[in-house]
Amino acid sequence: MYLFVFLVLLVALALLRDFLLLLFRQLCSPLRRLPGPPSPSFFMGNLEQMHDMENNNLIANWVNSYGTTFVYRGFIGGCRLMTTDPVAIAHILGNAYHYPKPDFVRESLASMAAGHDGLLVVEGADHRRQRKILAPAFSAGHIKSLSPIFWDKATELRDIWLTEVDSASFDPGRENSITRIDVLVWLGRATLDVIGLAGFGYAFNALTDDSNELARAFSVIFSTARKFRVMTILQAWFPFLRRFRRNNAAMAQAKATMRRIGLELIDEKRKAIQHERDSYLHEPAKIGPLQDQSTARSQGPKELRGRDLLSVLIQSNLSSDASQQMSEDEVLSQISTFLAAGHETTSSALTWCLYALANNRPAQEKLRVELRKLDAADRTQQSPPPKSDHEDLTERIARCGYLDWVVRESLRVHAPVTNTMRVCMRDEDEIPVQAVLPRKSNAQVDAIDDRGRTTMDQNVDIHGNRRSTISVRKWDIISVPIQAINKSEAFWGEDAKLFRPERWASPPQEARAIPGLYSNTLTFLNGNPLGGNRSCIGYKFALIEIKIFLYVLVKDLDFSIDPTMVIEKKVNVVTRPFVKSEPHLGNQMPLNISRASSYSSASVLYPLGRSSETPTISPPSFSLPV
Ligand code: HEM
């Protein structure tokens, strides 16, 4: 009997090992010394409050009350560090291999189709090796060579919307016929098509067909993993529970489909590359010189220009030292990683950008004028630009000043990824914090907390000690609130929450402290890889795609929104919109779309993405508003 009880206790202890360790770590964590908001629940800490934080200003309020570095409570009261301090963030994100993603985050990304072996999930030496092999595929030159795909899909989407607008009117081509369209769903389809073709040469045709088997398989895996359940939290802390993951027949079949199609694609591309290599060996003059590695890194391999990311990855993998190559499973995981990381992020970015423009009519008009000027200059020869000109136009679009401001501002105010987490893996560390405090608004300077401290007393612990570093220990969890930093008044001034592209004419000095990869925002994470680079490898891809879509859509279409409609944000991996009065309809972004007025150029005659097609729509005869 005693033996039985002893054995039961032993098994219980083994199963509870992680839980007990967690409790022990929490009791020892130096984070307990930092101030922070009260925890409304023992089990869930502040986590439930944080679900709606993009709509209720929660983080900004916490920063006002507790300073730029504070703790909030996670599962069973565990202290988690949250910081908007730019020096602390530069240290944490810059030392990426000492501050990796926590296990439970990696697990959930892996189950969301990114796979355990993909770049988004792997850590340390594996990550460094993979990133190096993937770099040529994401070089600026190579991404530019993929731009015909962006043009084609943007044009296809624009034509679908024009048809919807016209079919809602008895007088096709009339400017003032307005149609309400859920832009979220359409942009989701268009960006899926883009990542399929540009990522791995696969035609989802999601804009015209919703029955594609890979699209369905991905959606089953991604949407199942995304659902938040208490079980998800428990699995995060009790790894043995991960065995009981929902792995029903639909999920198993979806995974098998992804694997089968992925392996077919890899095989097809390997054969094509091998064939080209063989041809080069036999007829080098016909193919042209194969580039050296350094040129390939900066411009993308010449013979693979315009080819999908997977082909370049396979080529780059073959050229690497055998001991440094990716395994087949790793290559396979990159396909789902491109899908998971590159599809909904860009559709979210574009959706929020159109929303911002629909709410700021003057900015939309100003942008349209700039885009049409470029369009008019492009049409001096009165003929559609050949496909090879797309790269040139892409380059010129990349230099459009106001378009650039609009994109920066929209990605600042509506970051698709709002938060990221890290865990300290050094035994102990001292995280430096900013010596010079960022500018404060008057309201913040005047606020005095219940200990009599003004909120200017940043980085003061609960014993009143002023700190120039924050002590952390191994396993301490850290939250980096990307969106809150992007919208912080301390960096961007009192109108920080507003979408105002003109601010980019002279961004505030304070914002320069933010260690962002892109325009002093953390939207694509950090730009100071001291030890390990975990910033978005696809950011050039995303920026070119976003700019081309905006060019094609805003030039010809007008976007507005019902002023009585309140749109709120729901964050589930990426930020999606929903209509506050229609939560039962799920994520949506209904915008009113019509033909843009006063347009005389031939852009509708000659759709940019389809070089020599017969014109289908007559251009309205108005003068160009320049
Ligand atoms: C507007 C669009 C996008 C945004 C806002 C975005 C944002 C981000 C962010 C914040 C991270 C860091 C995540 C973390 O460490 O917690 C990240 C990583 C990553 N992104 Fe993007 N992303 C975008 C588009 C893309 C695209 C188009 C691709 C690929 C085609 C891509 C591929 C990746 C990959 C592979 C990583 C992991 C990088 C690493 O850990 O080394 N992203 N992205």
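## Helix α17

Helix α17 is mostly covered, with 13 of its 15 residues buried; buried here means that 20 or more other C-beta atoms, placed from the backbone, lie within 10 Å of a residue's own, while exposed means 12 or fewer and partly exposed covers what is in between. Helices (H or I, at least four residues) and strands (E, at least two) are DSSP runs, numbered from the N terminus.

The helix runs over residues 328-342, and its end C-alpha atoms are 21 Å apart, which agrees with the 21 Å it should span at 1.5 Å a residue; the expected span is 1.5 Å times one less than the number of residues. There is also a bend of about 25° at Ser 336, taken as the angle between axes fitted to the seven residues ending there and the seven starting there.

## About the model

Please keep in mind that this is a predicted model: local features need pLDDT of at least 70, side-chain atom pairs count only at pLDDT 80 or more, and totals for chains, interfaces and linings use all residues. Residues are numbered from 1 along each chain as its sequence is written.

## Around the ligand

Helix α17 returns here, giving the most to the shell around the ligand, with four residues. The ligand is surrounded by 23 residues, and the closest are Gly 342, Thr 345, Thr 420, Cys 536 and Gly 538; a residue belongs if its C-beta atom, placed from the backbone, lies within 6 Å of the ligand. Two or more residues come from each of α17, α18 (344-359), β9 (521-526) and α25.

By type, the shell has 13 nonpolar, eight polar and two charged residues. Ala, Val, Leu, Ile, Met, Phe, Trp, Tyr, Cys and Pro count as nonpolar, Asp, Glu, Lys and Arg as charged, and the others, Gly among them, as polar.

## The nonpolar core

The largest nonpolar core has 148 residues, and those with the most contacts inside it include Leu 313, Cys 353 and Phe 549. Such a core is a set of buried Ala, Val, Leu, Ile, Met, Phe, Trp, Tyr and Cys residues joined through C-beta atoms within 7 Å. Helix α25 (residues 539-556) supplies the largest share of this core, twelve residues.

Leaving aside residues up to four places away in sequence, Phe 549 touches Phe 150, Ala 154 and Leu 350; contact means C-beta atoms, placed from the backbone, within 7 Å.

## The whole chain

The protein chain holds 25 helices and 13 strands, and 44% of its 626 residues count as buried.

Definitions and conventions:
Contact = placed C-beta atoms within 7 Å.
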